[in-house]
Amino acid sequence: MAAPKFSEILQALNPDLVIFDYNQPWAADFASSLNIPAVVFIIYSVATVSWIVHLFENMEEKFPFPEIYLREYEMLPIMKNIDEIPDHEKFTLSDTLRQSRDIILVKAYRDFEGKYMDYLSNIFSKKIVPLGSLVQQSIDQDDNEEIKQWLDQKEKSSTIFVSFGSEYFLSKEEIHEVDKSLDLSKVNFIWVIRRKRNVMEGRDPQAKILQQPSIGGFAVEYIGAAMEAGRDKDGNLQSEEIAKAIRKVVASEESGEAVRKKVKKLSEMMNAKGDEEIMDGVAQELVALCRKK
C-alpha cells in the first residue's frame, strides 16, 4: 500500500541513496527507475541469512557450515509459512540481495561472522559491509537506580539476565518452565517478561543491566560464548535442561569459566573497535557508491 506514495516521495526528494529492508523490494525497483542507487540493509545474523540463501539457491548441495542447522521441529513451521504465502506475493531473500547496488549492509562484526560474509559475497558478487551490533549505548536513568543497587550487592558473574527479545512472547507453559528452571538453578536473576499487547508499558534498561559485572551469561554458542539449553523432540522448553545450562555458565566450573572468558574477550574486542570507526568506514562505502550514480 505504501509503494505508490513512496514513488512520489522519491521523485520529489531525489535522494542520493535509498537504503531498504528486504521486505520492501519494490523500494529498490522505484529507486532504480530513477537512477538512484538502492542498498539493502539486513538486520538478521549473517550466518542465518547464508543458511536461508543456501536453502533456496543450492538445495542439492550441502551447506558448507555444519554448525548452522535447524532441527525438524524448527524447520516444519518455516516450511509451513512458506507454503502459505500466495505465489504472486512470494519473493526470496536472494531476489532482494541481488537488487542491492554493489554492496549489502549487515548488522554484524566481521570478527564474528567473516566467513559467512565471504560466502554471501561470493554468491552475489557484492561487497558485504558490516555495521557492528548497533546496540544503543546505555543512558543513566534515575528509574533504574533500584536495579543497579540490587546488582551492586551481588557477587561478580553471579546473576543472569533473562530476555527473549522484543518480538517473542512466551506461552503460559513456557513461562512455567523458565520459572521452574530459574528456581532449580539457584542463581540470582533479572527476568524481563513482555506481554502481547499493542502498547509497551516501558522498556527494560537492557544495555545498562548488561554492563553490570554481576551479569554472567548472554551470548552465542558456536564461538564459545554460550551454551544451548536442550529442548525435547517437539521443541518444548525443559526446565531441567535450562537450569543445567545456567549452572554450567554461572557456576565456577571449567566449562563455565571458558564461556565467561570468551564473553569478556569478545566484549573487549567490540569496545576496542568502536562505533565511530565502523561508521566512518560505512560512510566511505556509501559516499563512493553515490559518486558512481
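Predicted model: local features only at pLDDT ≥ 70, side-chain atom pairs only at ≥ 80, totals over all residues.
Numbering starts from 1 along each chain as its sequence is written, and side-chain values use heavy atoms, with hydrogens and water left out.

**Stop one: the open sheet.** Select β1 to β4. These 4 strands make an open sheet in the order β1-β2-β3-β4, with parallel pairing. Strands here are DSSP runs of E, at least two residues, and helices are runs of H or I, at least four residues, numbered from the N terminus; two strands pair if DSSP finds at least two bridges between them. At the edges sit β1 (18-20) and β4 (127-130), each pairing on one side only. From one strand to the next the twist averages 30°. Now pick out β3 (residues 103-106): 4 bridges tie β3 to β4, and V106 stands opposite P130 in β4.

Angles run from 0 to 180 degrees between N-to-C directions, and axes are lines fitted to C-alpha atoms, for helices over the stretch in contact.

**Stop two: α3 and α6.** Show α3 (residues 46-57) with α6 (residues 110-124); their axes come within 8 Å and cross at roughly 35°. The crossing is left-handed (the near helix is turned anticlockwise from the far one by less than a right angle; clockwise would be right-handed). Side chains to display include V49 and V53 of α3 and Y116 and L120 of α6, all part of the contact (heavy atoms within 4.5 Å).

**Stop three: β5, α8 and β6.** Select β5 (residues 159-162) and β6 (residues 188-191), parallel strands joined by 4 bridges. I160 has F189 as its bridge partner in β6. Follow the chain from β5 through α8 (residues 172-185) to β6: this β-α-β crossover is right-handed (clockwise from the first strand over the helix to the second, with the strands pointing away from the viewer).

Residues to show here include L182 of α8 and I246 of α10.
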